[in-house]
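Here are my notes on the model you sent. Please keep the 3D view open while you read them.

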Amino acid sequence: SRPFVVMATQNPIGAAGTHLLPDSQMDRFIVRLTMGYPEPRDEVAMVLRRQDGNPLDTLQPVVSREILMELQAQVDKTYIKGSVVNYIVKLVNATRNNEYIARGASPRATLAIASMAKAIARLRDRDYVTPEDVKTVFVETVAHRLLLTTSAEAKKITSQQVLRSILGSVSAPSLD
């Protein structure tokens with residue numbers, strides 16, 4: 001039932017015996033975030049919070065289903081000017097014509113960037129998308145969708161580095 005949300009976690013070190021998701025399934029995840037390790041003080045707090053039980057057992061909803069669906073509807077109604085859509089398409093197209101990328105981002109990535117940019121715009125209390133919103137979400141929305149060349153891997157170049165370079169090379173439109 002709506003809203004339908006999937007969150008997945010990955011531990012790349014302890015993944016022995018598991019299979020990588022096919023590219024077509026990776027492309028269906030709208031965004032991929034990396035958290036890294038907690039700060040030492042946060043790790044201490046994490047252990048101390050578990051002395052009286054698992055904190056996950058006491059989780060409470062922070063928003064109702066109805067409110068979440070209304071927020072999603074507001075995001076869907078967020079305006080994207082044609083020049084910003086063209087900017088998104090140019091960024092995605094640049095992933096298809098880059099010396100370090102063997103397989104660039106799909107049209108699904110274009111849709112994902114637009115959706116994420118709309119959400120960021122709403123979080124920033126606007127009902128329209130700016131190029132800055134697109135820049136904010138581009139790397140995390142696209143990096144997991146790319147296949148790098150062996151040349152990039154040999155040079156230890158990451159998807160994130162290539163995408164930041166693309167952001168620097170594609171001119172953003174100005175909004176009137």
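The numbered points below go from the whole protein to single residues.

1. **What kind of model.** This is a predicted model. Please keep that in mind for every value below.

2. **The elements.** The protein has eight helices and two strands. Starting at the N terminus, their order is α-α-α-α-β-α-α-β-α-α. Try to trace that order in the 3D view.

3. **Overall extent.** How big a box do the C-alpha atoms fill along the principal axes? The box is roughly 55 × 45 × 35 Å. The protein has 176 residues, and 29% of them are buried.

4. **Charges.** Count the charged side chains: 22 are positive and 18 are negative. The centres of the two sets lie 6 Å apart.

5. **Helix α4.** This helix covers residues 82-95, which makes 14 residues. From first C-alpha to last, α4 reaches 20 Å. That is close to the 20 Å expected at 1.5 Å a residue.

6. **The buried side of α4.** Which residues of α4 are buried? They are Val84, Tyr87, Ile88, Leu91, Val92, Ala94 and Thr95. Why do they fall on the same side of α4? Because they cover an arc of only 160 degrees around the axis. These buried residues pack against four elements: β1 (101-103), α5, α6 and α8 (159-169).

7. Ile88 sits in helix α4. Is Ile88 buried or exposed? Its relative accessibility is 2%, so Ile88 counts as buried. Leaving out residues up to four places away in sequence, Ile88 touches Thr110, Ile113, Ala114 and Val134. Ile88 and Ser115 are 27 residues apart in sequence, and their C-alpha atoms are 11 Å apart in space.

8. **Thr130, in a loop.** Thr130 lies in the loop between α5 (107-123) and α6 (131-142). Its relative accessibility is 13%, so Thr130 counts as buried, the cut-off being under 20%. Which residues does Thr130 contact, leaving aside neighbours within four places in sequence? They are Val84 and Leu175. Val84 is also one of the buried residues of α4.

9. Most residues other than glycine have a negative phi. Asp125 has a positive phi, near 60 degrees. Asp125 is in the loop between α5 and α6. With a relative accessible area of 73%, Asp125 is exposed. Lys156 also has a positive phi, about 60 degrees, and is not a glycine. Lys156 is in the loop between α7 (150-154) and α8. At 71% relative accessibility, Lys156 counts as exposed. Please check both residues in the 3D view.

10. **A cis peptide bond.** Most peptide bonds are trans. Where does a cis peptide bond occur here? One joins Arg2 and Pro3, with omega about -5 degrees. Pro3 belongs to the segment before α1 (23-26).

Note on methods. Residues are numbered from 1 along each chain as its sequence is written. This is a predicted model: local features need pLDDT of at least 70, side-chain atom pairs count only at pLDDT 80 or more; totals for chains, interfaces and linings use all residues. Side-chain values use heavy atoms; hydrogens and water are left out. Buried means under 20% relative accessible area, exposed over 50%, partly exposed in between (1.4 Å probe, protein chains only). Lys and Arg count as positive and Asp and Glu as negative; His and the chain ends are not counted. The place of a charge is taken as NZ of Lys, CZ of Arg, CG of Asp or CD of Glu. Contact means heavy atoms within 4.5 Å. The expected span of a helix is 1.5 Å times one less than its number of residues. The arc is that of the directions from the helix axis to the C-beta atoms.
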